[in-house]
Amino acid sequence: MICEKDLFNNLEGYCATDIIKIYRAYDLAKDKHSGQMRKSGEPYIMHPVNVAYILTQLKADADTVCAGLLHDTLEDTKTTKEELCDLFNPTIADLVDGVTKIRRIHFQSKREQNLANTRKILTSLTSDVRIIIIKLADRLHNMRTLEFHKVEKQQEIALETMEIFVPLANLVGSYWLKSELEDLSLFYLKPEEYQKAAEVRHKQEAGFMFLLDEMMENIHNELLSKGINNKMDKKIKNIYGIYKNFNEGNSLEDMHDLLALKIIVDNIPNCYFTLGLVHGLYHPLNSRFKDYICISKSNLYRSLHTTVFGPQEKLVQTRIRTFEMDNIAYNGLTANWNLKQEGQRDNMQKYFKDNFWAYNSIREIDKMFTDNDEFITQVRSELFADKVYVYTPRGERIELSKGSTPVDFAYKIHTDLGNNMTGVVVNGKEVDFNYVLQTGDVVIVKTDGLSLPMFTEKDVMTARAKRKIKERNKNI
Ligand code: MN
């Protein structure tokens, strides 16, 4: 159980002024929530303390940690935004306001209120991504303490976590937040399946994890003898990951990434050298090699993945990356927090805007759909869906949401390419505009510069392509 002491002991790296500010935020939150209790019977202040603690684990800047401490004051106490502004600063006031639900009185029904709040959370990505991080920390602590709620409430919260917060954690690339939220949600949503997957995981861990020690030692020593500094770690898939595989019809033998070995080295050339060395020691399963260093995932995840036959013919997914990539793989966007730098909002926001295509997608979708229900449906199909990877004729890999068509592909590359597209060839064959792209497809967009494109909004999935087609039609 995390308490105030743990929070205060976790402030290494924060400067003296920051620490004083965090203490002040704690004092105010404690005062404002005094007399309030959580369902667990603890004083309410333990919740904001835990949220702030998670934020310090992420090395969030002091304003964000303070906002974590104060995050429920606007909603659950008589505190006003002006008060937070006067006592602290406008940034903290804005962050707390950003995580606060829109009041019930504005809506006809609970459902409408929920939809509006979800929209508020999602669009905050474009104003201050730190709001999302506070929300994720808030949700993680609520999920960790969900046992104290009634069953219906548990279901409602766990479902929302799975549908909105897990994809958000994935979108900002925070692996550890995502995987803990997944397991906790599954525990409440499908208790039987959860137990089954947990048992499989436990058996595999007890029966085979020691095999990885032998591999680790082998590879470590070989690398050292070549003068390559390295750090290794072993891992087993989370419970949700195992459940998902079973649910998709895979057997235990099909799970090539159940057991994983991580090798971290100093630089990119050493990653590829290590790959060769691993393949020399352990036979690779050729079909399972992926180079996410050359082309990262959309949440900036980078690593080489190769599945090899380990000891006792057990398949082991080996992940090779640099120390910096490893930090990003674990913490995602939050790896970019720098306690020594001023202006963390602008830093984070610029980083997010420059590196994550979700930023523009959310803005497009926000502009396009006034109805909250439609807005959320579009976000889910465009941003939260699984991804497919297709190729340009030059071999450039393009990431698209599952369900995208060649027209989405063309507009993703360039507006002119979309606007002048007259036909499309996929894997050497002419296909329709509404063909659904599959991973591995090689897409050639045909333009003749004369005829007008014959596709409509119905042939695309992404909000960007829909808007571009509308604009084009206006100009014809
Ligand atoms: Mn809360």
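Mentor: The manganese ion is held by H47 (NE2), H71 (NE2), D72 (OD) and D138 (OD), at 2.2 to 2.5 Å. Donors here are N, O and S atoms within 2.8 Å of the metal (3.2 Å for Na, K and Ca), and water is not among the atoms, so sites may look incomplete. Bear in mind that this is a predicted model: local features need pLDDT of at least 70, side-chain atom pairs count only at pLDDT 80 or more, and totals for chains, interfaces and linings use all residues. Residues are numbered from 1 along each chain as its sequence is written, and side-chain values use heavy atoms, with hydrogens and water left out.

Trainee: What spacing do the donors of the manganese ion follow along the chain?

Mentor: H-x23-H-D-x65-D. D72 sits in the loop between helix 4 (62-70) and helix 5 (73-76), while D138 is in helix 9 (residues 129-144), so the pair ties together parts that are 66 residues apart in sequence. Helices (H or I, at least four residues) and strands (E, at least two) are DSSP runs, numbered from the N terminus.

Trainee: And D72 and D138, buried or exposed?

Mentor: Both are buried. Buried means under 20% relative accessible area, exposed over 50%, partly exposed in between (1.4 Å probe, protein chains only).

Trainee: Switching to strands. How many residues of strand 5 are buried?

Mentor: 8 of its 8, over residues 315-322. L315, Q317, R319 and R321 point one way, V316, T318, I320 and T322 the other way.

Trainee: Which strands pair with strand 5?

Mentor: Strand 2 (residues 259-265) pairs with strand 5 in the parallel sense over 6 bridges, and V265 stands opposite T322. Strand 4 (residues 304-309) runs antiparallel to strand 5, also joined by 6 bridges, with T306 partnering T318. Two strands pair if DSSP finds at least two bridges between them.

Trainee: What's in the hairpin of strand 4 and strand 5?

Mentor: There are 5 residues between the strands, and Q312 takes a positive phi near 55°.

Trainee: Last topic: which residues lie nearest the centre of the second largest pocket?

Mentor: K101, R139, K153, I157 and E160, out of 44 lining residues. Helix 8 gives the most to that lining, with 9 residues. A pocket is an open set of points on a 1 Å grid over the protein atoms alone, where a 1.4 Å probe fits, with protein on both sides within 12 Å along at least five of seven lines; lining residues have an atom within 4 Å of a point.
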